[in-house]
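The paragraphs after it are meant to be read alongside the picture.

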Amino acid sequence: MRKLVASVIAGTIVVSCLAPGALASYELHEAQNMQYEEIQPRYEILGFFTALLSISDDGRASCQTTVYVQTGYRAELTAELQQSNGSGWTTIHSWHAEGSRRVAIIEPKFVTSGHSYRLKVTATAYDSNGNIVEEPIKYSSVENY
């Protein structure tokens, strides 16, 4: 009877020693296969800041950007549609909007084929005295057409 109890205890100890290693190996494998979301910076005055670009089959680029601003502040948006020139990016068209609470630009622009495009958006937040308090820049994903 003592040998049976001793064997069960020894087996339990061996299994409990091996389990953390197996679990750690599994967690490492799962972590390597995960797709992580992009880390987004947080701003004090501006919130929900987007820069979206999509290009349809006929070359229509849909440029969309939105920013929310806290009460008591004003925001300006400048959206630049940029085309890759091989060594960098050239702005081919821009839009501007300003306001309070929610500022958005939703505009189309036709583009030519054989190039890569992106949307560069600058959001500027002003306090009641006209001082710049935040000025982040955000880029859309690159779209090829």
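Predicted model: local features only at pLDDT ≥ 70, side-chain atom pairs only at ≥ 80, totals over all residues.

Residues are numbered from 1 along each chain as its sequence is written, and side-chain values use heavy atoms, with hydrogens and water left out.

We begin with strand S6, which covers residues 116-126; helices (H or I, at least four residues) and strands (E, at least two) are DSSP runs, numbered from the N terminus. Eleven of the eleven residues of S6 are buried, so this strand is largely enclosed by the rest of the structure, where buried means under 20% relative accessible area, exposed over 50% and partly exposed in between, with a 1.4 Å probe and protein chains only. In a regular strand the side chains alternate between the two faces of the sheet. In S6, Ser116, Arg118, Lys120, Thr122, Thr124 and Tyr126 point one way, whereas Tyr117, Leu119, Val121, Ala123 and Ala125 point the other way, and all of them are buried.

Next come the partners of S6, where two strands are said to pair if DSSP finds at least two bridges between them. S3 and S6 pair in the antiparallel sense over ten bridges, and in this pairing Thr78 has Thr122 of S6 as its bridge partner. S6 is also joined to strand S8 (residues 137-139) by three antiparallel bridges, with Lys120 standing opposite Tyr139, and to strand S9 (residues 143-144) by two antiparallel bridges, with Ser116 opposite Asn144. Strand S7 (residues 132-134) pairs with S6 in the antiparallel sense over two bridges, and Ile132 in S7 is the bridge partner of Tyr126. The hairpin of S6 and S7 has five residues between the strands, and Gly130 takes a positive phi near 85 degrees there.

What does the side chain of Thr124 make a polar contact with? Its partner is the side chain of Glu135, at 3.1 Å; a polar contact is a pair of N or O atoms within 3.5 Å, and within protein one must be able to donate a hydrogen and the other to accept it, while residues adjacent in sequence count only if both atoms are side-chain atoms. Thr124 is buried, with a relative accessible area of 5%. The charged end of Arg74 sits over the ring of Tyr126, 4.4 Å from its centre, a term that requires NZ of Lys or CZ of Arg within 6 Å of the ring centre and within 35 degrees of the ring normal.

The largest nonpolar core has 24 residues, and those with the most contacts inside it are Val67, Leu77 and Leu81; such a core is a set of buried Ala, Val, Leu, Ile, Met, Phe, Trp, Tyr and Cys residues joined through side-chain atoms within 4.5 Å.

Finally, there is one aromatic pair, where rings of Phe, Tyr and Trp (its six-membered ring) pair if their centres lie within 6.5 Å, and planes under 30 degrees apart count as stacked, over 60 as edge-to-face and the rest as tilted. The rings of Phe48 and Tyr68 have their centres 5.9 Å apart and their planes at 55 degrees, so the pair is tilted. Phe48 lies in strand S1 and Tyr68 in strand S2, so the pair ties together parts that are 20 residues apart in sequence. Phe48 counts as exposed at 57% relative accessibility, whereas Tyr68 counts as partly exposed at 38%.
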